[in-house]
Amino acid sequence: MTTELIPPEWAFEFHGHRCPFMPIGYRMGKLAIQNLGVEREVDHGLFVFPELGEGHPQTCMMDGMQIATGATYGKVLIAKTFYGKLAATFYQPQKGAVRYALNPDFIDAMGKFEFFIYRKKGIEPSHIPAAVVVEIINWVYEQSDETLFKVEPKPDFTFTPVKGSFNKTKCSVCGEYVFDRYLRMKDGQPVCIPCSGYGK
Ligand SMILES: [Zn+2]
Ligand SMILES: [Zn+2]
């Protein structure tokens, strides 16, 4: 694997610990933007839809995807589908969409490493002996892109982002600003969602 697919040190600092999954997501993101022929996103033009959910392992991949693609949570460019799958679709409106999924055989082979004996006991990655963590990370680095990923173009994929607006209004109860798409009306007065008593 080429070194440009290895996350820079700041990626590990941002992520917090060393694990194999942030680097896998990073590599997936790097390959996906190369595949689409786009650069790391600086503004708001690239969207990533990871199929991961919550309450399962390997969600660390999503930090790597954000770091590699620039499609970050704060720019509202990444949104989970909650399918509970180790895959993601990368979409740039002018270039189209491509889906990357981890191959089951790769997941099975990775699962045999000592790293998972610790993880299944509930031991956090930062508390696993460094040699055990380095072993699995380096093994992943040695595997080919084809071993890791199934890649498929998604020519029919479409997505329309929410239209942006700067309009905001002060809640008549708490006095805090609310962006208008989240404003609610109660007794004829504009209110924020927490002051409205409504669930949403
Ligand atoms: Zn991690
Ligand atoms: Zn309020």
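Student: Which strands does α2 lie across?
Tutor: α2 lies across β2, β3 (96-102) and β4, and runs at about 150° to β3. Helices (H or I, at least four residues) and strands (E, at least two) are DSSP runs, numbered from the N terminus. Axes are lines fitted to C-alpha atoms, for helices over the stretch in contact, with angles from 0 to 180 degrees between N-to-C directions. This is a predicted model, where local features need pLDDT of at least 70 and side-chain atom pairs count only at pLDDT 80 or more, while totals for chains, interfaces and linings use all residues. Residues are numbered from 1 along each chain as its sequence is written, chains are lettered from A and ligands numbered from 1 in the order in which they are written, and side-chain values use heavy atoms, with hydrogens and water left out.

Student: And which strands does α3 touch?
Tutor: Helix α3 (residues 61-69) packs on the sheet and touches β1, β2 and β3 (contact: heavy atoms within 4.5 Å). The direction of α3 makes about 165° with that of β1.

Student: What's the strand order?
Tutor: β1-β2-β3-β4, an open sheet of four strands with antiparallel pairing. Two strands pair if DSSP finds at least two bridges between them.

Student: Which strands stand at the edges?
Tutor: β1 (47-50) and β4 (149-153); each has a single partner strand, so one side of each lacks a neighbour in the sheet.

Student: How many bridges between β1 and β2?
Tutor: Four, in the antiparallel sense, with β2 covering residues 87-92. Phenylalanine 47 stands opposite tyrosine 91 in β2.

Student: Switching to the metal. What are the donors of the zinc ion?
Tutor: The protein donors of ligand 1 are His15 (NE2), His17 (NE2), Cys19 (SG) and Cys60 (SG), at 2.0 to 2.3 Å. Donors are N, O and S atoms within 2.8 Å of the metal (3.2 Å for Na, K and Ca); water is not among the atoms, so sites may look incomplete.

Student: How are the donor residues spaced in sequence?
Tutor: As H-x1-H-x1-C-x40-C.

Student: Is cysteine 19 buried or exposed?
Tutor: Cysteine 19 counts as buried because its relative accessibility is 1%. Buried means under 20% relative accessible area, exposed over 50%, and partly exposed in between (1.4 Å probe, protein chains only). Histidine 15, at 14%, also counts as buried.

Student: Last one: which residues of α6 are buried?
Tutor: Val132, Val133, Ile136, Ile137, Trp139, Val140 and Tyr141. Their cover includes α1 (9-15), α2 (21-36), α4 (104-110), α5 (114-120) and α7 (145-148).
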